[in-house]
Amino acid sequence: MPKNLCCLLFLLFGLNQAVNAQNNWSQNYKVTKGENGGTRPNVVVILADDMGYADLQGYGGVANTPNLDALASKGVKFTNCYAGAPNCSPSRVGLLTGRIPARAGMYSYRPPGSVMHLPDNERTIAELLKPAGYQTAHFGKWHLSVLPQDKELNQPQPNQQGFDYSLGTENNAQPSHLNPVNFIRNGNPIGEQKGYSCQLVADEVDLWFEQNYQKEQPFFLYVAFHEPHAKVASPDNLIANYPDYDKKTAEYFANIENMDLAAGRILQALKSRGLDNNTMVFFASDNGPYRIGSQGELRGLKGEVYDGGIKVPGIFTYPGAFPGNREIDTPIWFQDLLPTIGELCEVAIPKDRKYDGINLLPLLKGGAIQREKPMLWYFYRSSPEFAMRKGDYMLIGRSNDKVPRTHGVSDIDMAFIKRIQPEFFELYNVSSDAGQQMDLAAAEPEKLEEMKNEMLALLEEVKTEGPEWEGLPKYNEQKANHNKPGEFKRNQKRFLLKGNE
């Protein structure tokens, strides 16, 4: 055979192989039509409550979590995913609005009867998607306003925040995860429900698909489990899976296993309807754990702005568009969800407010992202009160607050929230020092000064925008048991290794 002809055949063979490879990639990762007949993706967000960074087996944990571990192994697993805040209500505000929670006035968790709530002028993911033809439904914990409606408080309900359908609770499942009595369906109390909270939530997702789901429309489901927030209740057969642990610990692990089973049912509900390839799923925990050990090597727990209180497992899947089987250490946070979903679903983001998240689609599709604005956490109740991540560095800021604080926001807190300033700083390279043991503030003064200036500027902007609530409880009528200097020292004692004090 002539040499030139051989070369030509070889070239054509190579081109054919390249085309086949590209076609195979496109077939695996293109947006595919689901049961609803369209190419617009469905979106499902699943949250655990108070679960630590290291509770899932896929993140080094003990609890049996095969469904969520499979989600992580087949999808995109983030090792630097951050919640919107170190406790419940503000973290959910960050997730649903794409904004630092203090911008919306959610300065801490929302106690029963509080005037503090997610204002109606904030725009949630559901409110963005609903006008674009999306079905929207909320299942589980709400914790953004009174539920059901109270005429005196008159706060926005889930249906006023964009959700067509809602089954959930104002805060935690009461009296525990077993046989809760405080579920509200579309504004109406439904009394005691027999079973475990996470399974009841999964039941409701099944019910929604059977009775409310319209095949011709895409959907957004926000599934907020109550587990493993205390008060914990778990099935005996799952507790028996942890014979080497004390009863309390075994029940905690069983609680997470039960939630994993419920999450698996929801994922199966998608798959059985042929919706999994055209659905983006995001799973995370709303904040760090209350249980020591569940944070892994991280410093801090729920309610603290060290990484143990805000760093959480974060998993994305979208088989029809995101290359899977990837682990990514790029830092992301809840505030990125709204701009990402808006871009994914081709829905315009309002231009009348400042957003703190960025669009993650380039990263999720295999590329990279550039974050211009740092990530800032402001939680006045803890000590320290501030954290800011930029690149590999985390700046911690602490005020000189010596006033014992109440559990919920009181009347004297409002003025403090507006005028607070950090006076003491710690600087960590969390890429090389995940446990935040080596304070670099003295060793890297230029980096410290650079990040201090950015923190102070962004903090001032956020404090200025946040609303001032009237009608908060009187300080002298509440129990002031948060001694911030004492809490700071307790954190050091718990988490700093000897020699790093």
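The following legends describe close-up views of a predicted model.

Residues are numbered from 1 along each chain as its sequence is written. Local features need pLDDT of at least 70 and side-chain atom pairs count only at pLDDT 80 or more, whereas totals for chains, interfaces and linings use all residues; side-chain values use heavy atoms, with hydrogens and water left out.

**View 1. Confidence along the protein chain and residues 1-37.** The mean pLDDT (the predictor's confidence in each residue, from 0 to 100) is 93 for the protein chain, and 92% of the residues score at least 70. Over residues 1-37 pLDDT stays under 50. For this stretch the model has 40 contacts beyond four places in sequence, a contact being heavy atoms within 4.5 Å. Where pLDDT is low, the predicted coordinates should not be read in detail.

View 2. Asp 413 belongs to helix α11, residues 411-419. Helices (H or I, at least four residues) and strands (E, at least two) are DSSP runs, numbered from the N terminus. Asp 413 counts as buried because its relative accessibility is 0%; buried means under 20% relative accessible area, exposed over 50% and partly exposed in between, with a 1.4 Å probe and protein chains only. The side chain of Asp 413 reaches the backbone nitrogen of Ser 410 at 2.8 Å. Leaving aside residues up to four places away in sequence, Asp 413 touches Tyr 380, Arg 405, Thr 406 and Gly 408.

**View 3. Crossing of helices α11 and α12.** The axes of α11 and α12 (residues 445-465) come within 8 Å and cross at roughly 145°. Axes are lines fitted to C-alpha atoms, for helices over the stretch in contact, and angles run from 0 to 180 degrees between N-to-C directions. Ile 417, Lys 418 and Arg 419 of α11 make the contact with Lys 463, Thr 464 and Glu 465 of α12.

**View 4. Gln 436 in the loop between β16 and α12.** Gln 436 is placed in the loop that runs between β16 (424-429) and α12. Although not a glycine, Gln 436 has a positive phi of about 50°. Gln 436 counts as buried, at 0% relative accessibility. The side chain of Gln 436 reaches the backbone nitrogen of Asp 307 at 2.9 Å. Residues that Gln 436 touches, not counting those up to four places away in sequence, include Arg 299, Tyr 306, Met 394, Tyr 428 and Leu 496.

**View 5. Helix α9 and the residue Glu 346.** Helix α9 (residues 337-344) is mostly covered, with seven of its eight residues buried. Among them are Leu 337, Leu 338, Ile 341 and Leu 344. Just after α9, Glu 346 takes a positive phi of about 60°. Glu 346 lies in the loop between α9 and α10 (361-364) and counts as exposed, at 72% relative accessibility.

**View 6. Cysteines without a partner.** The structure holds zero disulfides, a disulfide being a pair of cysteine sulfur atoms within 2.5 Å. For Cys 81, the nearest cysteine sulfur, that of Cys 88, is 16 Å away. The sulfur of Cys 198 is 17 Å from the closest cysteine sulfur, in Cys 88, and therefore too far for a bond. Cys 81 is buried at a relative accessible area of 0%, and Cys 198 is buried at 0%.

**View 7. Cis peptide bonds in two loops.** Gln 174 and Pro 175 are joined by a cis peptide bond with omega of about 0°; Pro 175 lies in the loop between β4 (165-169) and β5 (184-185). A cis peptide bond with omega of about 15° joins Ala 230 and Lys 231, and Lys 231 lies in the loop between β7 (219-224) and α6 (236-239).

Methods: A polar contact is a pair of N or O atoms within 3.5 Å; within protein, one must be able to donate a hydrogen and the other to accept it, and residues adjacent in sequence count only if both atoms are side-chain atoms.
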